[in-house]
Amino acid sequence: MDKRQFLFGLLFASLFGGIIALGGYKLMEPDTPSYPAAIENQNIRYSNFTMDTSEVVIPQGLNFVFASKVVTPAVVHIRTMYEAQSASRGGAQGPFDELLRDYFDGQSPQGRQSAGSGSGVIISEDGYIITNNHVVDKADEIEVVLNDNQSYKGKVIGTDSQTDIALVKIEANNLPTVKMGNSDKIQIGEWVLAVGSPFGDNFRSTVTAGIVSAKGRNINIIRDKNNLQIESFIQTDAVVNPGNSGGPLVNVRGELIGINTAIATPTGTYAGYSFAVPATLVKKVVADLKEFGVVQRALLGINIRDVDSKLNEEEDLGVLEGVYVIAVQEDRAADEAGIEKGDVIISVDDQKVTKTAELQEKVALHRPGDKIKVQLIRGGKEKTVYAVLKNTLGTTNTVASSNNFIISGATFEDVSKKDKENLDLEGGVKIAKLEKGKWKDAGLKEGFIITGIDKRKINNVEDLSSLLTRTAPGDGLLIEGIYPNGEKAYYGIGW
């Protein structure tokens with residue numbers, strides 16, 4: 001064999017060995033897909049890949065798009081106008097100044113009209129709209145602007161300052177509506193949406209999302225002179241700003257679970273938490289306003305406070321949650337049911353109550369004459385009683401928008417609209433009939449309109465009843481008022 005043949009054989013053997021080695025390696029190599037295949041199999045996409053999620057069913061129903069589409073058409077923007085002489089009362093005045101100011105809050109110079117702004121939600125095809133009382137309170141004109149920019153004149157059907165709810169009506173038909181939900185069933189941590197018009201016209205139909213942060217919150221924002229305010233707010237972290245007042249809080253199914261009312265803020269704008277009146281309470285208030293023009297207030301007739309560890313220790317209650325009865329008003333529902341001072345109420349109609357806000361809400365869902373089941377703890381033992389609720393006048397009757405109240409020989413009624421206009425009064429109580437008793441003995445005459453007692457305004461018979469039922473025997477009262485001829489008078493009466 002010559003040298004050339006030897007080199008050729010060596011090269012062939014090397015090449016053949018390499019092929020054999022490479023083939024063996026490929027046979028033993030793991031079955032790894034190529035890079036493009038790996039991307040596809042692992043559902044990895046480039047960052048610029050877009051996808052329409054509006055029709056995708058998100059786990060646990062977290063589809064904000066669906067709820068937004070359902071609710072937004074039924075959310076309205078409310079504009080209010082106040083005459084020059086009412087400039088100081090425009091916008092969100094009173095207790096809502098600090099926590100929730102509407103975009104235009106009535107700070108116009110003297111002699112000019114002032115304006116206010118808020119939101120609302122349509123609940124019936126024929127034009128009934130829920131909003132906050134503080135959005136429309138004392139407004140001279142109300143304009144309701146729909147989501148499609150149609151504008152209507154709004155009429156107030158009724159208001160309730162004690163829950164801060166108002167019912168407004170526009171003359172229209174076939175309107176989009178929001179379905180009423182059950183706020184009792186919502187859970188802490190559940191997703192919710194707030195819809196409204198923050199900061200006025202520029203941001204109408206704004207949708208924000210958050211979760212339910214807490215329930216049954218009492219934030220001491222609603223102040224009622226008769227101490228009948230009801231605060232059992234749903235707390236959320238959905239962004240709510242001035243102008244959102246009166247707009248809906250909805251669940252992911254687009255059902256109304258609350259009316260956005262207030263925000264906790266040191267600045268006047270959103271700072272983390274917002275508060276809504278629960279839908280179950282709203283539904284009852286609205287039904288009363290539609291049927292009677294006023295809310296049918298049902299009361300147990302007790303003074304209460306939350307149970308805490310300190311009170312438990314001081315009174316040896318044996319419980320850390322519940323509502324402690326400080327006092328029981330005579331001849332009221334609790335008194336007749338056998339509830340006593342020192343009792344701890346733990347449930348109403350088999351629904352647990354752990355604090356005063358929850359008890360107030362449960363009772364407020366009823367009307368005078370309704371019977372409720374009350375479970376309480378007395379002396380370490382559970383006890384069940386049944387209470388027939390009464391109104392602020394101490395009866396089980398429903399109350400009309402013009403009330404009658406009889407006490408100590410005098411029949412009182414709300415002052416008429418005509419008398420208000422003639423005498424330039426905001427409210428008052430008129431003596432319709434006077435018989436023998438302390439009122440007549442004090443010198444009062446029929447037709448006299450009581451406008452104040454002990455420098456406290458009396459706007460209606462509910463105010464009068466609430467004040468007198470809390471007046472101790474032997475107390476002296478200073479009565480101030482006016483006769484139909486414009487003569488003002490003052491009387492002293494011993495109670």
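**Aromatic rings and charged contacts**

Modeller: Phe 412, Trp 439 and Trp 495 are joined into a cluster by ring pairs. Please bear in mind that this is a predicted model.

Biologist: How many aromatic pairs does the structure hold, and what is the angle between the planes of Trp 439 and Trp 495?

Modeller: The structure holds seven aromatic pairs. In the one formed by Trp 439 and Trp 495, the centres are 5.8 Å apart and the geometry is edge-to-face. That class requires planes over 60 degrees apart, and the angle here is 65°.

Biologist: How many residues apart are Trp 439 and Trp 495?

Modeller: Trp 439 belongs to helix H11 (residues 438–441), while Trp 495 is in the segment after strand S26 (488–494). The pair thus links distant parts of the chain, 56 residues apart.

Biologist: Is Trp 495 buried or exposed?

Modeller: Buried residues have under 20% relative accessible area. Trp 439 has a value of 0% and is buried. With a relative accessible area of 17%, Trp 495 is also buried.

Biologist: Why is the pair of Phe 448 and Tyr 483 classed as it is, and what is that class?

Modeller: The ring centres of Phe 448 and Tyr 483 lie 4.8 Å apart. Planes under 30 degrees apart would count as stacked and over 60 as edge-to-face. Because the planes of Phe 448 and Tyr 483 are at 55°, the pair is tilted.

Biologist: Which parts of the chain does the pair of Phe 448 and Tyr 483 tie together?

Modeller: The two residues are 35 residues apart in sequence. Phe 448 is buried at 0% relative accessibility, and Tyr 483 is buried at 9%. The parts tied together are the loop between H11 and strand S23 (449–453) and the loop between strand S25 (476–482) and S26.

Biologist: Turning to charges, how far apart are the closest N and O atoms of Arg 297 and Asp 160?

Modeller: A search of the whole structure finds 17 salt bridges. The cut-off is a side-chain nitrogen within 4 Å of a carboxyl oxygen. Arg 297 and Asp 160 form a salt bridge, with their closest N and O atoms at 2.5 Å.

Biologist: Where does Asp 160 lie relative to its partner in the chain?

Modeller: This pair links parts of the chain 137 residues apart. Arg 297 is in the loop between helix H6 (279–292) and strand S14 (302–306), and Asp 160 is in strand S6 (residues 155–160).

Biologist: In the salt bridge of Glu 336 and Lys 390, is Lys 390 buried or exposed?

Modeller: The closest N and O atoms of Glu 336 and Lys 390 are 2.8 Å apart. Glu 336, at 53% relative accessibility, counts as exposed. Lys 390 has a relative accessible area of 11% and is buried.

Biologist: Why is helix H9 (residues 356–364) described as largely enclosed, and how many of its residues are buried?

Modeller: The buried residues of H9 include Glu 358, Glu 361 and Lys 362. H9 is largely enclosed by the rest of the structure because the number of its nine residues that are buried is eight.

Key: Residues numbered from 1 in each chain as written. Predicted model: local features only at pLDDT ≥ 70, side-chain atom pairs only at ≥ 80, totals over all residues. Heavy atoms only, no water. Buried < 20%, exposed > 50% of the residue type's maximum accessible area, 1.4 Å probe, protein only. Helix = DSSP H or I, 4+ residues; strand = E, 2+ residues; numbered from the N terminus. Phe/Tyr/Trp six-rings, centres within 6.5 Å; stacked < 30°, edge-to-face > 60°.
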